[in-house]
Amino acid sequence: MCSRPCSPPGRRDWTGRWARLAVQAGVLLIVAACLRTHTLPVSVQEPTAQAPLGRRLWLRLLPFGLVLLVVYVVDSTVSAWSAVYLRGTLDASLSVAPMAYAAYQAGTVVGRATVDRLVQRVGSVAVVRTAALVVAGTLLGMAAAPSWPVAVLAAGGVGLGASVLAPLCLASAARLRPTASETVLARLNLFNYAGVVTGGAVSGLLGSTGEFRLAYAAPAALAVLVLTGARHFTRPPGTSET
């Protein structure tokens, strides 16, 4: 018997969850208060006739499409299973389990903010190769992590490397036909849709096995395949191919 009124089971956990949600809501309110609207300049351009893109352009887009597929598989795996992995395999607490995904997003922000300067300094090919190696290495780090702090740091590295690949895919694909970049990117978007479906299916299949270490080791092998397509991330020397 309790000498004082007993708290319902789990009440403390619910209080902690509400507190964390309140902190997140406060951060979002601050961000919303700092937003400002800006009027974009309106430019009217006369439509111009474009030459047909041709079938060979699909072959030129294939390396970029495969890279996007890998990016979406990696993104789906980290976003869907990182918290479960920390909680179930590495014995992290409920408040700590989401930190891997938070680190992944932080790495994504840093990668997107620095990719332009890196490309200017060392070139797209070097950045893509380095990013692929970083993604593969940090995914293996997550798979072999002995404790949750190591997994959190590795997740940040995954976000850092994976975040630069998609923008470079779009930029490099648009350079294939500068005069019809919108149409080229529309074709590339088909790989985006395929990547979303494939990423969700692959990450779901790997995560449903309960072998979360394998679920992170397998995409690491896919990230290595990005190295084979890195040479295509160069500016075409002449006119684009039809």
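First, the ground rules: residues are numbered from 1 along each chain as its sequence is written, and side-chain values use heavy atoms, with hydrogens and water left out. As the model is predicted, local features need pLDDT of at least 70 and side-chain atom pairs count only at pLDDT 80 or more, while totals for chains, interfaces and linings use all residues.

Let's begin with the helices. Two packed helices are described by the angle between their axes and the distance between the axes. Helices here are DSSP runs of H or I, at least four residues, numbered from the N terminus. Axes are lines fitted to C-alpha atoms over the stretch in contact, with angles from 0 to 180 degrees between N-to-C directions.

Take α4, residues 124–143, and α5, residues 148–162: their axes come within 8 Å and cross at roughly 160°. That makes α4 roughly antiparallel to α5 (the word is used for angles over 145 degrees, and roughly parallel for those under 35). The crossing of α4 past α5 is left-handed, meaning that the near helix is turned anticlockwise from the far one by less than a right angle; clockwise would be right-handed. On the α4 side, the residues in contact (heavy atoms within 4.5 Å) include Ala-131, Val-134 and Thr-138, and on the α5 side they include Ala-151, Ala-154 and Gly-157. By class, this contact of α4 with α5 has 10 nonpolar, four polar and no charged residues. In that scheme Ala, Val, Leu, Ile, Met, Phe, Trp, Tyr, Cys and Pro are nonpolar, Asp, Glu, Lys and Arg are charged, and the others, Gly among them, are polar.

Now, α4 has another partner. The axes of α4 and α8 come within 8 Å and cross at roughly 165°, and these two helices are therefore roughly antiparallel to each other. Among the residues making the contact are Arg-129, Leu-133 and Leu-140 of α4, with Arg-213, Tyr-216 and Pro-219 of α8. The contact of α4 with α8 has 17 nonpolar, no polar and two charged residues. Here, too, α4 passes α8 in a left-handed crossing.

And how do α3 and α5 cross? Their axes come within 6 Å, at roughly 30°, so α3 and α5 are roughly parallel to each other. This crossing is right-handed. Met-99, Tyr-104 and Gly-107 are among the α3 residues involved, and they face a set in α5 including Trp-148, Val-152 and Gly-156.

On to the pockets. A pocket is an open set of points on a 1 Å grid over the protein atoms alone, where a 1.4 Å probe fits, with protein on both sides within 12 Å along at least five of seven lines; lining residues have an atom within 4 Å of a point. Grid points are joined across faces, edges and corners, and a volume is the space filled by probe spheres set on the points.

The largest pocket holds about 280 Å³. Of its 10 lining residues, Arg-20, Gln-24, Ser-95, Pro-98 and Met-99 lie nearest the centre. Which helix gives the most to this lining? That is α1, with four residues. The lining has six nonpolar, two polar and two charged residues.

The second largest pocket has a volume of about 200 Å³. Here α2 gives the most, with six residues, and α2 and α8 each supply at least two. Pro-63, Thr-198 and Leu-222 are among the lining residues, which divide into nine nonpolar, three polar and no charged.

Definitions and conventions
Angles under 35 degrees count as roughly parallel, over 145 as roughly antiparallel, 65 to 115 as roughly perpendicular and the rest as oblique.
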